[in-house]
Amino acid sequence: ILSSVINPQVEEHKKYGGVVPEVASRRHCENISQVVKKALLDAGKAYSDIDAVAVTFAPGLIGALLVGVNYAKGLALSLGVPLIPVHHLRSHIAANYIDNEELKPPFLCLTVSGGNSIITDVRDYTDFAVIGGTRDDAAGECFDKAARAMGLSYPGGINLDKIATTPDTKKYPLPRPKVEGSEYDFSFSGLKTAVINLIHNASQKGEEVDIPVLAATLRQKVCDMLIENTFKAAEELGRKTIVLAGGVSANSELRARMEAE
């Protein structure tokens, strides 16, 4: 990696409580050229030094992806170099090679983000098998939507992680959803709804909710589900190595408990 440049939109989306796809796409249009120019400048390279152009094509917000793909197509065509389509989730998994030079397949990967919660058996560098995944909401979405109901600002999942204190399942008995017949799959929708309903019911009764404790209780439940299914899959498949990927892999409890396990 010679340079890494971003133009974040967090402050703009904060006022809406989440990413607005149309706004995100427009900002991509406005900023992509400058971001690429800055990346080349920081790397000390010219356009003529580029051997190939790689671009994320899926999955994600279609408007933002279209901006990137069309820019990359134009750049590759004008330079006469190959265009390489990159799968968003495969790249999350592959990012682990950057920090872990000794990491080699086969291994099991838990990818958790705002849109995805997937257990993947990485058999080789380009040979993947999805072992389990969410049937409804992703873990990140569960965190984000619950955080919004708690009155926390965007990005919800990060702020929820920051304020969480000590869980109390007796005070806030949240459900532990399971997918019958699919032991490695997840379901976070019911958990998210339970938190939202709990807050609404308390508000109607004029009761105060201990937000830091509720946040910690929710975080504990989500981590329980992610960790249990992942290690169960690893044991069944005989995998000795487990890696984390995706935005939610930054969650403090998930990282600490995965390392402990």
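This is a predicted model: local features need pLDDT of at least 70, side-chain atom pairs count only at pLDDT 80 or more; totals for chains, interfaces and linings use all residues.
Trainee: OK, so where does Tyr125 fall, buried, exposed or partly exposed?
Mentor: Tyr125 has 44% relative accessibility, so it counts as partly exposed.
Trainee: Switching to rings, how many aromatic pairs are there in the whole structure?
Mentor: The search turns up 3. One of them is Tyr97 with Phe107, an edge-to-face pair with 6.1 Å centre to centre and 75° between the planes.
Trainee: Which elements does that pair link?
Mentor: Tyr97 sits in helix H5 (residues 96-99) and Phe107 in strand S3 (residues 107-112), so the pair links distant parts of the chain, 10 residues apart.
Trainee: And is Phe107 buried or exposed?
Mentor: Phe107 is buried, at a relative accessible area of 0%. Tyr97 comes out at 21%, so it counts as partly exposed.
Trainee: Why is the pair of Tyr97 and Tyr125 called tilted?
Mentor: Because their planes are at 50°, with ring centres 5.3 Å apart. Tyr125 is in the loop between strand S4 (117-124) and strand S5 (127-133), so pairing with Tyr97 in helix H5 ties together parts 28 residues apart in sequence.
Trainee: Which residues do the ring pairs link into a cluster?
Mentor: Tyr97, Phe107 and Tyr125.

Terms used: Residues are numbered from 1 along each chain as its sequence is written. Side-chain values use heavy atoms; hydrogens and water are left out. Rings of Phe, Tyr and Trp (its six-membered ring) pair if their centres lie within 6.5 Å; planes under 30 degrees apart count as stacked, over 60 as edge-to-face and the rest as tilted. Helices (H or I, at least four residues) and strands (E, at least two) are DSSP runs, numbered from the N terminus. Buried means under 20% relative accessible area, exposed over 50%, partly exposed in between (1.4 Å probe, protein chains only).
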